[in-house]
Amino acid sequence: MKLSPARGPMSAAVDPAEFEALVGPWLDEMYRAAAAIVGRAEAADVTQDALLDAWRGLQRLRDPARIRPWLHAIVANRSRKQIRSWHSRPRLVDLSVTPEPAADDGDPGDLAARRDQLDRAFDRLSADQRICVALRYSIDLPVSEVAEALGIPEGTVKSRLHAAVHRLRASLVEEDR
């Protein structure tokens, strides 16, 4: 993903090369987090919006060494806004991300159906649960870093993860009936 920062009154105070050097190493991770939270179809927009927010708010970053959790917090907030805007939009299943079956994995249609079932179960999670699950399991952040990125206690992250996993399991069992 290539950076394309906003042009405008706030951008004059930020050197584009400095901004790119600071956030560039985290672009792929930002995109993966957004894709895990809102899906691949929306991930590029969420990531771009997060980059614009980071560009505009860079002066508020007190410690450049803390750029990673700061960027994850911005992605989480942008993803939360995106989830809230969905209300009644239908979800489309992206069949291109269905893994190729091994010789004994069975019918590719079954794999696509299972992926759709997982997507529907994930959609039933609250925005906060989705964000915690995505940062913890898709980006593989430790609980302490998820807590730091979201500005919440580690116990809250653990509680959200526990509730999310329980809800995912319940949703899958319910659909299998």
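Me: How many salt bridges does the count come to?
Reply: The count comes to 11 salt bridges, a salt bridge being a side-chain nitrogen of Lys or Arg within 4 Å of a carboxyl oxygen of Asp or Glu. This is a predicted model, where local features need pLDDT of at least 70, side-chain atom pairs count only at pLDDT 80 or more, and totals for chains, interfaces and linings use all residues. Residues are numbered from 1 along each chain as its sequence is written, and side-chain values use heavy atoms, with hydrogens and water left out.

Me: Which residue does Asp53 form a salt bridge with?
Reply: Asp53 pairs with Arg78, and the closest N and O atoms are 2.7 Å apart. Asp53 sits in helix α3 (residues 40-57) and Arg78 in helix α4 (residues 67-86), so the pair ties together parts 25 residues apart in sequence. Helices here are DSSP runs of H or I, at least four residues, numbered from the N terminus.

Me: What about Arg115, which residue is its salt-bridge partner?
Reply: Arg115 bridges to Asp119, with the closest N and O atoms 3.4 Å apart. Both lie in helix α5 (residues 108-123), four residues apart, about one turn of the helix. Asp119 is buried at 11% relative accessible area, while Arg115 is partly exposed at 32%.

Me: And where do Arg160 and Asp128 lie?
Reply: Their side chains meet in a salt bridge at 3.8 Å, N to O. Arg160 is in helix α8 (residues 154-176) and Asp128 in helix α6 (residues 127-138), so this pair ties together parts 32 residues apart in sequence. Arg160 has 22% relative accessibility and is partly exposed; Asp128, at 28%, is partly exposed.

Me: Which residues do shared partners join into one network?
Reply: Glu29, Arg68 and Glu145.

Me: New topic. Where is Gln117 found?
Reply: Gln117 is in helix α5. This residue is buried, with a relative accessible area of 7%.

Me: What does the side chain of Gln117 make a polar contact with?
Reply: The side chain of Arg114, at 2.5 Å. A polar contact is a pair of N or O atoms within 3.5 Å; within protein, one must be able to donate a hydrogen and the other to accept it, and residues adjacent in sequence count only if both atoms are side-chain atoms.

Me: Leaving aside neighbours within four places in sequence, which residues is Gln117 in contact with?
Reply: Leu172, Glu175 and Asp176, where contact means heavy atoms within 4.5 Å.

Notes. Helix = DSSP H or I, 4+ residues; strand = E, 2+ residues; numbered from the N terminus. Buried < 20%, exposed > 50% of the residue type's maximum accessible area, 1.4 Å probe, protein only.
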